[in-house]
Amino acid sequence: MPSQHLFFWLAAIFGLLADRLTKDWVMASFQLRESRPLWEGVFHFTYVENPGAAFSIFQEGGEWLRWLSLAVSLGLALWAWFGPSMTRWEQWGYGFIFSGALGNGIDRFAAGRVVDFLDFRLINFPVFNMADVFINVGIVCLLIAGLWPPPRRSRSLESEDLTEPHDSQ
């Protein structure tokens, strides 16, 4: 793995492990549709299975979503492996998006549905999972990378780096 994209791979591994461990915990500890409040009426763990995409769209005929997850995952892995240098924010962003796409893709290929369990009831938000969280964290990282790019080195500094040092006598 190229060291120039170390933060991509760290985000990818961390995100995928967190996603898989939490989904495995929910499937082992909850019955389907069981809900346990952490803060009654605000935030619950609720085990649901979603054959579609975000907000339960494409529940019917969403078979193509598994292929989309695979294509995004492969594309991002190839980009990190063979692509140009990325800033740290870009590496974190693409790495987290990769982990989310791969995490939900694994669910879609293995079972034809995604395990969701994070349930914010205060705002009546659809139930989601850690892969979804990491995709959104990745998007925020990419927004930061785009809005606050790293400072560029001045042209005079770049040319000085290319020249041989001079002896001053």
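Glu 63 is partly exposed, with a relative accessible area of 48% (buried means under 20% relative accessible area, exposed over 50%, partly exposed in between, with a 1.4 Å probe and protein chains only). The model is predicted, so local features need pLDDT of at least 70 and side-chain atom pairs count only at pLDDT 80 or more, while totals for chains, interfaces and linings use all residues. Residues are numbered from 1 along each chain as its sequence is written, and side-chain values use heavy atoms, with hydrogens and water left out.

**Loop residues**

- Glu 63 sits in the loop that runs between β2 (43–50) and α2 (64–82); helices (H or I, at least four residues) and strands (E, at least two) are DSSP runs, numbered from the N terminus.
- From Glu 63 to Arg 108 the separation is 45 residues in sequence and 8.3 Å in space, C-alpha to C-alpha.
- Arg 33 is placed in the loop between α1 and β1 (35–39).
- The phi angle of Arg 33 is near 75 degrees, which is a positive value in a residue other than glycine.
- Arg 33 counts as exposed, at 64% relative accessibility.
- Asn 124 belongs to the loop between β3 (114–120) and α4.
- The phi angle of Asn 124 is near 55 degrees, again a positive value in a residue other than glycine.
- Asn 124 has a relative accessible area of 70% and is exposed.

**Salt bridges**

- Side chains of opposite charge can pair when their charged atoms come close.
- The whole structure contains 7 salt bridges, a salt bridge being a side-chain nitrogen of Lys or Arg within 4 Å of a carboxyl oxygen of Asp or Glu.
- Salt bridges link Asp 19, Arg 20, Lys 23 and Asp 107 in a network.
- Asp 19 pairs with Lys 23 in a salt bridge of 3.0 Å, N to O.
- Both Asp 19 and Lys 23 belong to helix α1 (residues 6–29), where they are 4 residues apart, about one turn of the helix.
- Asp 19 is buried at 0% relative accessibility, and Lys 23 is buried with a relative accessible area of 0%.
- Asp 107 and Arg 20 form a salt bridge through their side chains, at 2.7 Å, N to O.
- Because Asp 107 lies in helix α3 and Arg 20 in helix α1, this pair ties together parts that are 87 residues apart in sequence.
- Asp 107 and Arg 20 are buried.
- Arg 20 also forms a salt bridge with Asp 19, with the closest N and O atoms 3.9 Å apart.

**Packing of α3 and α4**

- Two packed helices are described by the angle between their axes and the distance between the axes.
- Helix α3 (residues 88–111) and helix α4 (residues 130–147) have axes that come within 7 Å and cross at roughly 160 degrees; axes are lines fitted to C-alpha atoms, for helices over the stretch in contact, and angles run from 0 to 180 degrees between N-to-C directions.
- α3 and α4 are therefore roughly antiparallel to each other (angles under 35 degrees count as roughly parallel, over 145 as roughly antiparallel, 65 to 115 as roughly perpendicular and the rest as oblique).
- Residues of α3 that meet α4 include Trp 89, Trp 92, Gly 93 and Phe 96, and among those of α4 are Phe 134, Ile 135, Gly 138 and Cys 141.
- By class, the contact of α3 with α4 has 15 nonpolar, 5 polar and 2 charged residues (Ala, Val, Leu, Ile, Met, Phe, Trp, Tyr, Cys and Pro count as nonpolar, Asp, Glu, Lys and Arg as charged, and the others, Gly among them, as polar).

**Cys 141 in α4**

- Cys 141 is part of helix α4 and is buried, with a relative accessible area of 7%.
- Leaving aside neighbours within four places in sequence, Cys 141 is in contact with Trp 89, Trp 92 and Gly 93, where contact means heavy atoms within 4.5 Å.
- Cys 141 and Gly 93 are 48 residues apart in sequence, with their C-alpha atoms 4.7 Å apart in space.

**Packing of α1 and α4**

- α1 and α4 have axes 8 Å apart and pack at an angle of about 155 degrees.
- α1 and α4 are therefore roughly antiparallel to each other.
- Phe 14, Gly 15, Ala 18, Asp 19, Thr 22 and Lys 23 of α1 make the contact with Met 130, Ala 131 and Phe 134 of α4.
- The contact of α1 with α4 has, by class, 5 nonpolar, 2 polar and 2 charged residues.
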